[in-house]
Amino acid sequence: MSANLPIRKIIHVDMDAFYASVEEMDNPELKGKAIAVGGGGKRGVISAASYEARKFGVKSAMAGTLAAKLCPDLIFVRPNFERYSEISKKVRAIFYDYTDLVEPLSLDEAYLDVTQNKKGNPSASLIAQEIRDRIFNEVGLTASAGISINKFIAKVASDYNKPNGQKTVNPEEVLEFLEQLDIRKFYGVGKVTAEKMYQKGIFTGLDLKQKSLEYLDDNFGKSGRYYYHIVRGIHTSEVKPDRIRKSLAAERTFSENLSSEIFMLEKLDHIANEVARRLNKSNVAGKTVTLKIKYSDFTLQTRSKTLPYYVSDKSIILETSKDLLYQEKLNNSVRLLGISLSNLNTENTMKKPEKKSVSVQLKFGF
């Protein structure tokens with residue numbers, strides 16, 4: 001770890017089984033049962049699973065049909081994203097009581113830079129504990145947290161004592177922590193990459209650290225440099241409170257495959273309406289319309305068109321999507337359609353924050 005790198009106090013807060021926990025809070029009869037949010041119907045995909053369901057191997061992004069086989073008593077609950085968003089805003093309000101440097105990753109997790117904080121508390125660990133206590137007392141849910149010198153280690157640490165726990169990796173503990181870590185626990189190392197690393201004898205952070213930069217570049221391409229640095233505790237990305245939305249989308253998976261463009265028009269109408277609703281709710285517009293098509297053999301195709309002006313009107317989004325649908329012949333029957341709008345006006349209008357110079361001593365009370 002370079003002595004020249006700034007040492008920050010970063011907290012990663014991750015809500016425990018967020019969607020499922022909100023459903024249990026709102027419906028006490030579900031408490032302690034194996035539940036899945038989403039996943040109903042023949043084509044449903046699970047958005048979240050309670051810890052009771054996870055014991056049977058049920059997890060997010062899994063087909064509902066498979067989940068039901070793994071857990072015969074699984075209870076499927078229809079998602080209520082407006083409710084999840086409402087709860088998420090309450091949690092974030094707590095974060096902002098401590099720092100303005102909050103970078104949300106999704107509704108249920110965020111990074112906080114508390115190097116300098118509104119409470120004047122020198123201990124990031126105590127701040128994390130206080131935040132978690134407040135989330136439980138004021139919102140009614142549990143959260144886990146990771147605390148360390150950068151975003152990468154904080155995120156890895158937040159998963160260490162889940163659920164309802166926290167893990168602090170002090171500056172002097174970073175290298176040993178990473179060396180002992182199973183390579184599957186490294187954020188950014190997916191299942192396929194982990195298998196490739198296993199085949200090359202890389203099982204832990206220490207194994208990874210023994211590989212040269214040249215070796216990692218040759219075997220893992222552009223990601224090689226990233227792996228080389230993170231295993232040495234080097235991750236310079238700052239907490240960015242102005243994360244700019246790059247796109248906005250909606251999609252639908254059909255209960256039966258559709259084989260003709262004519263049958264898809266009604267579906268596109270509903271999807272375009274949802275995209276327009278989300279654009280207007282967020283007060284944004286975009287220039288690039290992209291049509292997403294997933295075929296019955298699970299191959300994916302996207303078709304895009306960039307307009308000369310920003311749009312948020314449903315009729316224009318729909319007509320553009322129709323043009324893209326008819327642009328070329330379909331390869332197969334279709335199981336999913338989606339519409340997204342990118343090249344948003346937020347990318348041009350949002351101000352970048354001023355960079356503040358912060359002087360931090362090495363011993364600063366984690």
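**Strands, helices and their contacts in a predicted model**

Me: In this predicted model, which residue in E3 is the bridge partner of alanine 36?
Reply: Strand E2 covers residues 35-38, and three bridges join this strand to E3. Alanine 36 is bridged to a residue in E3, and that partner is alanine 49.

Me: In what order do the strands of the three-stranded open sheet stand?
Reply: E2 pairs with E3 in the antiparallel sense, whereas E2 and E4 run parallel. The pairing in this open sheet is accordingly described as mixed. The order of the three strands is E3-E2-E4.

Me: Which residue in E4 stands opposite valine 37?
Reply: In E3, valine 37 has alanine 48 as its bridge partner. E2 is also joined to E4, by three bridges. In E4, the residue opposite valine 37 is valine 77.

Me: Is arginine 78 buried or exposed?
Reply: Arginine 78 lies in the loop between strand E4 (75-77) and helix H4 (81-95). Residues up to four places away in sequence aside, arginine 78 touches Glu23 and Tyr84. Its relative accessible area is 74%. A residue counts as exposed when this value is over 50%, so arginine 78 is exposed.

Me: What distance separates the C-alpha atoms of arginine 78 and valine 37?
Reply: Along the chain, arginine 78 and valine 37 are 41 residues apart. The separation of their C-alpha atoms is 6.0 Å.

Me: Is helix H1 roughly parallel or roughly perpendicular to H4?
Reply: Helix H1 (residues 18-26) lies across E2, E3 and E4, at about 110° to E2. The axes of H1 and H4 come within 10 Å and cross at roughly 95°. Angles from 65 to 115 degrees count as roughly perpendicular, which makes the relation of H1 to H4 roughly perpendicular.

Me: How many charged residues does the contact of H1 with H4 have?
Reply: The axes of H1 and H4 come within 10 Å. H1 contributes Phe18, Tyr19, Val22, Glu23, Met25 and Asp26, and H4 contributes Phe81, Arg83, Tyr84, Ile87 and Ser88. By class, seven of these residues are nonpolar and one is polar, while the charged residues number three.

Me: Which strands stand at the edges of the five-stranded open sheet?
Reply: This sheet has mixed pairing and the order E5-E6-E1-E7-E8. Two strands have a single partner strand each, so one side of each is left without a neighbour in the sheet; they are E5 (102-106) and E8 (166-168).

Me: Which residue in E7 is the bridge partner of isoleucine 11?
Reply: Strand E1 (residues 10-15) and strand E7 (residues 143-148) are paired antiparallel over six bridges. In E7, isoleucine 11 is bridged to isoleucine 147.

Me: Which residue in E6 is the bridge partner of valine 102?
Reply: E5 and E6 form a hairpin that has two residues between the strands. They run antiparallel and are joined by four bridges. In E6, the bridge partner of valine 102 is leucine 112.

Me: Which residues of E6 point the other way from Glu109, Tyr111 and Asp113?
Reply: In a regular strand, side chains alternate between the two faces of the sheet. E6 is mostly covered, with five of its five residues buried. Glu109, Tyr111 and Asp113 point one way, and pointing the other way are Ala110 and Leu112.

Me: Are H12 and H13 oblique or parallel to each other?
Reply: The axes of helix H12 (residues 261-282) and helix H13 (residues 314-325) come within 9 Å and cross at roughly 140°. An angle over 145 degrees would count as roughly antiparallel. The two helices, H12 and H13, are therefore oblique.

Definitions and conventions:
Residues numbered from 1 in each chain as written. Predicted model: local features only at pLDDT ≥ 70, side-chain atom pairs only at ≥ 80, totals over all residues. Heavy atoms only, no water. Axes fitted to C-alpha atoms, helices over the stretch in contact; angles between N-to-C directions. Parallel < 35°, antiparallel > 145°, perpendicular 65-115°, else oblique. Buried < 20%, exposed > 50% of the residue type's maximum accessible area, 1.4 Å probe, protein only. Contact = heavy atoms within 4.5 Å. Pairing = 2+ DSSP bridges. Nonpolar A, V, L, I, M, F, W, Y, C, P; charged D, E, K, R; others polar.
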